[in-house]
Amino acid sequence: MSDKKNVSAGEGTKKPKKPLEIISFIRVTAVLIVFIGLPVLILSNISYSFYSPQESAIKVAFQHTGKRIVDCDEKDLIKEEGKRYRELLKTEKRISMNMGKLAGCPRERFPVVVDLSIDGRTMLDRAYKPKGIKRDMASYIYDDFIISPGVHRIAVAMYDSGNKNKADATLDETVDIKPGDVKVLRFDDASNKLVVE
Amino acid sequence: MERAKTYRKPGVTERLWLGLEKVLNLLTTSAYNPFYYLGAISIFFLWIIFITGIYLFVFYSISAAGAYNSVQYLTVNQWYLGGVIRSLHRYASGGLVIAALTHGLRHYVLDRYKHWRWVSWVTGIGMVLVIIVGGIFGYALVWDQRAQFIAISLSKMIESVPVFGMPMSISFARIENLADQVFYLLLAVHFFAIIAVTVLVMIHLGRVAKSVINPPKVMAYGLVAVLFLLSFLRPAVSSGPANLKALPQAMPFDWLYMFMFPLMRYMTEHELWLFIVALVLIVSIIPWLTAEKKNPEVQVTKENCTGCELCREDCPYGAIQMIKRTDGMPYELEAVVVNKRCASCGICMGACDYKALNLPDLTEDALKAEIERLSTELAGAQGKKVVVFNCAKGAWPDGVLEAGGRVKGFDWARIVTLQCIGMLQPSMLSIPFENGIDGVFISGCRMGDCSFRSGNEWLVGRINGYRTPVVKKSLDRSRIGTAWLSAVEKDAMLKELGQFHKNLK
């Protein structure tokens with residue numbers, strides 16, 4: 001059946017308004033349940049687990065500031081330049097600060113390198129670059145690994161001074177990881193040590 | 001005069017889709033067929049999300065320590081109000097994805113996404129993306145185990161793009177690292193999604209002159225009823241509180257929003273980004289990949305244009321603009337066509353009383369000549385005779401074009417096929433009667449589903465006298481029959497035509 005059949009003459013000059021029809025409401029609601037309600041109900045409540053219950057994880061997560069590539073003390077330079085400025089001010093009328101001298105003090109830092117091995121197997125050997133346009137800010141270290149639960153030997157070495165021959169911090173620890181556990185390996189600034197927690 | 005113009009018949013997928021809608025029309029009638037209102041339903045869901053979201057926000061604690069408990073308070077202690085509102089918020093979000101995706105799929109299947117419709121297509125894809133991102137961030141705000149999983153997965157995805165600075169994953173590695181600011185950020189993105197969707201909706205509808213942004217009242221009540229039903233049947237609840245010392249285990253998962261995260265089990269973050277970007281790009285350029293030659297746009301005969309604005313008023317895509325008269329004629333305005341917006345539907349021809357608008361491949365004169373020819377041809381026949389005006393997008397019998405308007409078994413009828421039934425100019429309806437024809441039968445798209453949005457509706461208005469230009473009052477309306485049917489309902493169309501013929505006095 002089509003929507004309308006014959007067109008009646010003289011239906012007035014305004015579009016007729018339809019009253020709220022209860023039968024139509026029931027029918028429309030039934031259709032909406034099938035086409036919207038059910039898919040939404042089913043698709044938004046399916047149980048899912050990304051991780052298996054027999055998995056655990058180790059996360060390497062911390063921020064750390066590498067040492068400066070050039071050992072240039074900006075504070076000393078500023079102090080020195082300030083002193084020179086004040087001295088000259090006593091004798092000269094027109095003087096200026098030597099900003100070029102300050103700008104010549106490079107601020108770039110070494111990347112932080114983290115070596116991680118679990119049960120003797122290398123899992124991570126990565127250099128994390130310092131942030132900032134001038135590479136003068138902290139490095140943000142994040143990586144995670146899914147491992148099987150149980151006792152594992154974790155060995156970590158961290159290098160922040162550009163010398164890969166001598167680690168700036170190390171950790172060698174045996175940890176017992178329960179199923180589903182997440183262990184976080186981080187550098188503790190207070191104790192200046194790598195820790196697993 | 002034989003017409004050279006041909007029209008495309010629907011393909012298999014299109015017929016299947018229309019077949020489904022035909023079944024639904026039996027239940028709901030086309031006035032309330034939800035498939036005809038998917039865009040309006042999506043906007044209705046957006047309203048519900050917005051209003052319920054305000055309430056949830058009032059009670060939400062924007063902090064790592066308080067987020068979970070504040071949501072739990074609403075869900076458990078205030079289950080009769082806050083809990084229901086949370087469920088409405090959740091299920092309206094799910095409904096939004098379903099309605100929006102079905103809306104897009106329907107336009108694709110019914111071939112309504114190319115040429116002048118590309119802006120709506122592309123912004124529609126943008127909207128779906130924003131909705132999904134907004135929804136994901138909304139789930140993270142709950143700060144349960146599901147949120148923990150989302151936060152960690154999302155962080156990995158975000159920080160795999162080198163332009164982002166500090167890795168967010170560090171924040172979600174230890175509870176001590178998790179600052180309240182992270183929750184402000186999550187909330188900001190969640191809010192921003194609503195703003196972005198609003199802007200995109202405005203662009204989406206920018207090229208649609210008479211957009212339908214509200215579902216019929218019956219349907220609106222139906223939608224609210226469904227949402228309440230779901231909310232009471234299965235209230236939205238949180239999983240266990242986030243515990244950063246443990247991997248999140250089995251959780252209720254919303255596949256409508258979180259479908260991409262399980263892929264991270266099989267792909268790296270970069271591969272997943274590549275997959276998403278490629279998918280979005282391919283879907284976005286489909287209108288150009290599948291485009292065939294567009295029909296020539298309507299042309300204005302300026303010397304006939306009186307600047308009456310009826311064409312601008314009727315054009316469903318805002319393709320006609322009125323500008324200040326440029327030719328010294330004693331009228332204030334003249335019509336100009338914006339070609340890139342023109343759908344070549346001819347609805348403006350139907351609105352023009354002065355032959356000022358013509359489709360190059362089917363002018364008003366040619367169309368009137370054809371009506372005249374078929375009417376004259378039929379006039380000599382025995383019995384009652386009917387001229388049929390048929391929309392090429394609606395139901396029409398096979399082979400009618402090749403047979404010059406004749407249909408086997410219907411010797412008393414001649415069929416004139418139009419690009420859109422809205423191009424039927426009122427004076428055209430008089431021609432058959434002036435040539436001794438007993439009745440005129442009009443067959444167009446289903447009401448609410450005109451392929452060019454409003455053609456059938458405008459024509460009904462013209463016949464019934466509430467939309468100018470009106471069909472002259474002296475025409476006997478009992479001799480004008482109509483059938484509003486989709487392209488898969490040709491048998492029903494012929495049946496109704498036969499019935500009309502039989503009932504003619």
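I start with a definition: two residues are in contact if their C-beta atoms, placed from the backbone, lie within 7 Å. Among contacts in chain B between residues at least 6 apart in sequence, 77% join residues at least 24 apart.

Some housekeeping. This is a predicted model, in which local features need pLDDT of at least 70 and side-chain atom pairs count only at pLDDT 80 or more, while totals for chains, interfaces and linings use all residues. Residues are numbered from 1 along each chain as its sequence is written, with chains lettered from A and ligands numbered from 1 in the order in which they are written.

Chain B, then. The C-alpha trace spans about 90 × 50 × 40 Å along its principal axes. Chain B has 17 helices and nine strands; these are DSSP runs, H or I of at least four residues for helices and E of at least two for strands, numbered from the N terminus. Of its 505 residues, 48% count as buried. Buried means that 20 or more other C-beta atoms lie within 10 Å of the residue's own, exposed means 12 or fewer, and partly exposed is in between, with C-beta atoms placed from the backbone.

For a local example, take helix α3 of chain B, residues 67-77, where B:A67, B:Y68, B:S70, B:V71 and B:L74 are buried. The buried residues of α3(B) pack against α2 (38-59), α4, α5 (118-141) and α7 (180-204) of chain B.

Chain B is divided into domain 1 (36-284), domain 2 (299-358) and domain 3 (364-503); such bounds come from an automatic or database domain assignment. The C-alpha centres of domain 2 and domain 3 of chain B are separated by 25 Å. Their contact takes 15 residues from domain 2 of chain B and 16 residues from domain 3 of chain B. On the domain 2 side, α12 (310-314) and α13 (347-351) of chain B are the elements that give two or more residues, and α13(B) gives the most, with four residues.

Now chain A. The assignment gives domain 1 (20-49), domain 2 (56-69 + 108-196) and domain 3 (74-103). The C-alpha centres of domain 2 and domain 3 of chain A lie 42 Å apart.

How enclosed is strand β2 of chain A, residues 56-64? Eight of its nine residues are buried, so β2(A) is largely enclosed by the rest of the structure. β2(A) runs antiparallel to strand β5 of chain A (residues 139-147), with nine bridges, and there A:Q63 stands opposite A:Y140. Strand β8 of chain A (residues 182-188) runs parallel to β2(A) with four bridges; here A:A57 stands opposite A:V182. Strands pair if DSSP finds at least two bridges between them.

Last, where the chains meet. How many residues of chain B are in contact with chain A? The count is 65 residues of chain B, against 50 residues of chain A. On the chain B side, α8(B) gives the most, with ten residues. By class, that side has 41 nonpolar, 14 polar and ten charged residues. Here Ala, Val, Leu, Ile, Met, Phe, Trp, Tyr, Cys and Pro count as nonpolar, Asp, Glu, Lys and Arg as charged, and the others, Gly among them, as polar.

The bridge partner of A:I46 in β1(B) is B:F253.
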